[in-house]
Amino acid sequence: MPAISPDKPYRVGRSRTGLGLFATKPIKKGAKIVRYFGPLLDCRKKKHDAIENKYLFELNNRWTIDGSVRKNIARYINHACKPNAESDVSARKRKVVIRAIKNIEPGEEINYDYGTDYFKAYLKPIGCKCAACEKKRKKKRAEARAEKLRLKAKAEKKALKKAEKLAAKAREELAQKQKQKLKQAAKQRLNGARANGKLLNGHGGKAAAGQLIAAKSGIFAEPASTQGGEASASA
């Protein structure tokens, strides 16, 4: 990690994407923070055009700054979709300066937008990890969890409603069966009562009535065996 003068309003430190540049003093909006520098590459030269790394800063169609040198402190500044700084490019002077576009407080990470081409080539394939994108992903995850819970609650409510409907149907069927049993039992009792009534009105009923009349008039005949016994005793 390169040495940085204590007079500079920044330091290199750990960030969520690796190393980053952090403010050590208040930086006012519009203030120059650091220069992005390195060897100039001429794309007309094959040996220069063949150089590839993620620290190349294109000034125009011909000139590009190779910012991979360790003394280029600006190379530690990370990309942000909602940055607090920007790159001030002077193609004529072949110079790039990073300036604050917001007031930056001590401890706050300094960042700027790397541009569409860099984003598509390096950040989009792995997912941008800037604070704005992390916040957006966190919001989406929270929304997904909320939707999952909503669907789960909806399914549980539907299942409960179905269970209640089945329970009500089972209770109704049970009540119908009990009602049918009661009707059958009542019918059986009625049929039994009718059968007993027919029996009393038939021969059995007449015999019982004759016995009752004889008993009341005192002319109930003794059995034949008893009369024979008394005759034998008199003789």
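**How the labels get their names**

Me: What makes glutamate 147 count as partly exposed?
Reply: This is a predicted model, by the way. Glutamate 147 has 35% relative accessibility, and partly exposed runs between under 20% for buried and over 50% for exposed, so glutamate 147 counts as partly exposed.

Me: How do you know that glutamate 147 and arginine 150 meet in a salt bridge?
Reply: Look at the N to O distance between their side chains, which is 2.8 Å. The cut-off is 4 Å, so that pair gets the name. Both residues sit in helix H3 (residues 131–201), three residues apart, about one turn of the helix. Arginine 150 is partly exposed too, with a relative accessible area of 45%.

Me: How many salt bridges does the structure hold?
Reply: Four. One of them pairs aspartate 42 with arginine 62, and their closest N and O atoms are 2.9 Å apart.

Me: Why can you say that the pair of aspartate 42 and arginine 62 ties parts together?
Reply: Because aspartate 42 lies in strand E4 while arginine 62 is in the loop between E5 and E6, the pair ties together parts that are 20 residues apart in sequence.

Me: Is aspartate 42 buried or exposed?
Reply: Its relative accessible area is 4%. Buried means under 20%, so aspartate 42 is buried. Arginine 62, at 30%, is partly exposed.

Me: What else does aspartate 42 meet?
Reply: In E6, its bridge partner is tryptophan 63. The backbone nitrogen of aspartate 42 also lies 2.9 Å from a polar atom of the side chain of histidine 48. Histidine 48 belongs to helix H1 (residues 46–49) and touches Leu40, Leu41 and Asp42, leaving out residues up to four places away in sequence.

Me: Why is histidine 48 called buried?
Reply: The value is 18% relative accessible area, and the limit is under 20%, so histidine 48 is buried.

Me: What about the salt bridge of arginine 99 and aspartate 88?
Reply: Their N to O distance is 2.9 Å. Arginine 99 lies in strand E9 and aspartate 88 in strand E8 (residues 85–90), so this pair ties together parts that are eleven residues apart in sequence. Both are partly exposed: arginine 99 has a relative accessible area of 29%, and aspartate 88 has 34%.

Me: What makes strands E1 and E7 edge strands?
Reply: Their sheet is open and has four strands in the order E1-E2-E10-E7. Strand E1 (10–15) and strand E7 (78–79) each pair on one side only.

Me: Which residues have the most contacts inside the largest nonpolar core?
Reply: They are Leu21, Ile33, Val34, Ile77, Ile98 and Ile110, in a core of 23 residues. Leucine 21 also has isoleucine 110 as its bridge partner in E10.

Note on methods
Residues are numbered from 1 along each chain as its sequence is written. This is a predicted model: local features need pLDDT of at least 70, side-chain atom pairs count only at pLDDT 80 or more; totals for chains, interfaces and linings use all residues. Side-chain values use heavy atoms; hydrogens and water are left out. Two strands pair if DSSP finds at least two bridges between them. Helices (H or I, at least four residues) and strands (E, at least two) are DSSP runs, numbered from the N terminus. A nonpolar core is a set of buried Ala, Val, Leu, Ile, Met, Phe, Trp, Tyr and Cys residues joined through side-chain atoms within 4.5 Å. Buried means under 20% relative accessible area, exposed over 50%, partly exposed in between (1.4 Å probe, protein chains only). A polar contact is a pair of N or O atoms within 3.5 Å; within protein, one must be able to donate a hydrogen and the other to accept it, and residues adjacent in sequence count only if both atoms are side-chain atoms. Contact means heavy atoms within 4.5 Å.
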